[in-house]
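Some notes on this model follow, point by point. Please read them with the structure open.

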Amino acid sequence: STEQIYTDWANHYLAKSGCSRLIKDLSQDITDGVLLAQIIQIIVSGVPSDNQALKTLFSGLTASITAGVC
């Protein structure tokens, strides 16, 4: 299913970063925004440093999620 593909993709990045918490149920596990913010931070850390616009976008999104805005 599409949900399983996204779950596997997110868990790949979480595990690769050493995160001990993985997604079991995508619709439940990202509702607090913590895992979603971690995934975004992991992806941003892999963005080339010359792509500052993309880094800024992801950083703002992460800040909004962790602040409870999104």
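1. Asn11 sits in helix α1, residues 2–16. Helices here are DSSP runs (H or I, at least four residues), numbered from the N terminus. This is a predicted model: local features need pLDDT of at least 70, side-chain atom pairs count only at pLDDT 80 or more, and totals for chains, interfaces and linings use all residues. Residues are numbered from 1 along each chain as its sequence is written, and side-chain values use heavy atoms, with hydrogens and water left out.

2. Asn11 counts as buried because its relative accessibility is 14%. Buried means under 20% relative accessible area, exposed over 50%, partly exposed in between (1.4 Å probe, protein chains only). Leaving aside residues up to four places away in sequence, Asn11 touches Leu22 and Ile23; contact means heavy atoms within 4.5 Å.

3. The buried residues of α1 are Thr7, Ala10, Asn11 and Leu14. They lie on the same side of α1, because their arc around the axis is only 105° (directions from the helix axis to the C-beta atoms). Their cover includes α2 and α3. Thr2, Ile5 and Lys16 are exposed, on the face turned away from the buried side of α1.

4. After α1 comes Gly18, with a positive phi near 90°.

5. The whole structure has 1 salt bridge (a side-chain nitrogen of Lys or Arg within 4 Å of a carboxyl oxygen of Asp or Glu). It joins the side chains of Asp32 and Arg21, at 3.9 Å, N to O. Asp32 is in the loop between α2 and α3, Arg21 in the loop between α1 and α2, 11 residues apart. Asp32 counts as partly exposed at 44% relative accessibility, and Arg21 does too at 35%.

Methods: Helix = DSSP H or I, 4+ residues; strand = E, 2+ residues; numbered from the N terminus.
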